[in-house]
Amino acid sequence: MNNGQRTTFTLFYIVPKFPVAMTLTDDILSQPSFDAAIRTAVAGLKAMQPTYDWVGVYLLEGDPSAGSGQGVLTLQDDHYRGQPTSHTRIPLDSGICGAAASSRETIVIDDVRRDSRYIACSLSVRSEIVVPIMAGERVVGVLDLDSDTPAAFVESDRRELERVAAALAQAWQVIPGEQPAGRRV
Ligand code: SME
């Protein structure tokens, strides 16, 4: 008789860390422009976890197929939440962001001080995750999160952030209108 109640309780118990994740991907995909989708994603993620100290989306400009270093990841003013950074243009052969975009794979850094690729945006940062935003085989940009907490990004964070990156890639493909930096072709 109580099976339904018990199931509901169990679901809430198993997934307490990201109760609004489904809503965020829905919000991203209901925006009228890709630019608004990015702003929705970074604001939603910044509010999701207290350890997400900096959240931003860099978009890829240039032609990555022309060879290593030919593309540049660019950060627009309203595409991040957290401390302002001077690193608004990152070549594909630089930083953790460039490495993630070039390899097309998520990179998790538990201690940024021990990774020579790391470009420091703030001295307080201890860990970082960068997730490529992939529209099929095309790299549209990267989702970049910094934390002042060491090893802040665990497997559940990675899964959720990859879901948000996938929603942004879908938004880039399906929402009509001019794209701010990424390219459709
Ligand atoms: N740490 C990044 C640079 C971007 S800032 O964190 C905002 C990197 O190494 O690519």
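A contact here means heavy atoms within 4.5 Å. With that cut-off, take the protein chain's contacts between residues at least 6 apart in sequence: 57% of them join residues at least 24 apart. Keep in mind throughout that this is a predicted model.

**Stop 1: the whole chain**

Select the protein chain and colour by secondary structure. Walk along the sequence and the order reads α-α-α-β-β-β-β-α-β-β-β-α. Now switch to a surface. The chain exposes about 9700 Å², and carbon and sulfur atoms supply 52% of that area. Of the 185 residues, 44% count as buried.

**Stop 2**

The largest share, 3 residues, comes from α4.

The residues around the ligand are:

- Trp54, Tyr58, Ile90 and Gly95, among others
- Ile96, Cys97, Tyr118 and Ile119, also among them
- Cys121, Glu128, Asp144 and Asp146, likewise included

**Stop 2: polar pairs at the ligand**

| Residue | Protein side | Ligand atom | Distance |
|---|---|---|---|
| Cysteine 97 | polar backbone atom | oxygen | 2.9 Å |
| Isoleucine 119 | backbone N or O atom | nitrogen | 2.8 Å |
| Glutamate 128 | polar side-chain atom | nitrogen | 3.1 Å |

On its own, the ligand has 310 Å² of accessible area, and the protein covers 100% of it.

**Stop 3: valine 112**

Move to valine 112. This residue lies in the loop between β5 (107-109) and β6 (127-135). Is valine 112 buried or exposed? Its relative accessibility is 3%, so it counts as buried; the cut-off for buried is under 20%.

Now select what touches it. Leave aside the neighbours within four places in sequence. Valine 112 is then in contact with Tyr118, Val125, Arg126, Ser127 and Glu128. Pick serine 127 and draw a C-alpha to C-alpha line back to valine 112. The two are 15 residues apart in sequence and 5.4 Å apart in space.

**Stop 4: back to the ligand**

Conventions:
Residues numbered from 1 in each chain as written. Predicted model: local features only at pLDDT ≥ 70, side-chain atom pairs only at ≥ 80, totals over all residues. Heavy atoms only, no water. Helix = DSSP H or I, 4+ residues; strand = E, 2+ residues; numbered from the N terminus. Buried < 20%, exposed > 50% of the residue type's maximum accessible area, 1.4 Å probe, protein only. Areas by Shrake-Rupley, 256 points an atom, 1.4 Å probe, with all protein chains shown as cover. Near = heavy atom within 4 Å. Polar contact = N/O pair within 3.5 Å; in protein donor to acceptor, adjacent residues only side chain to side chain.
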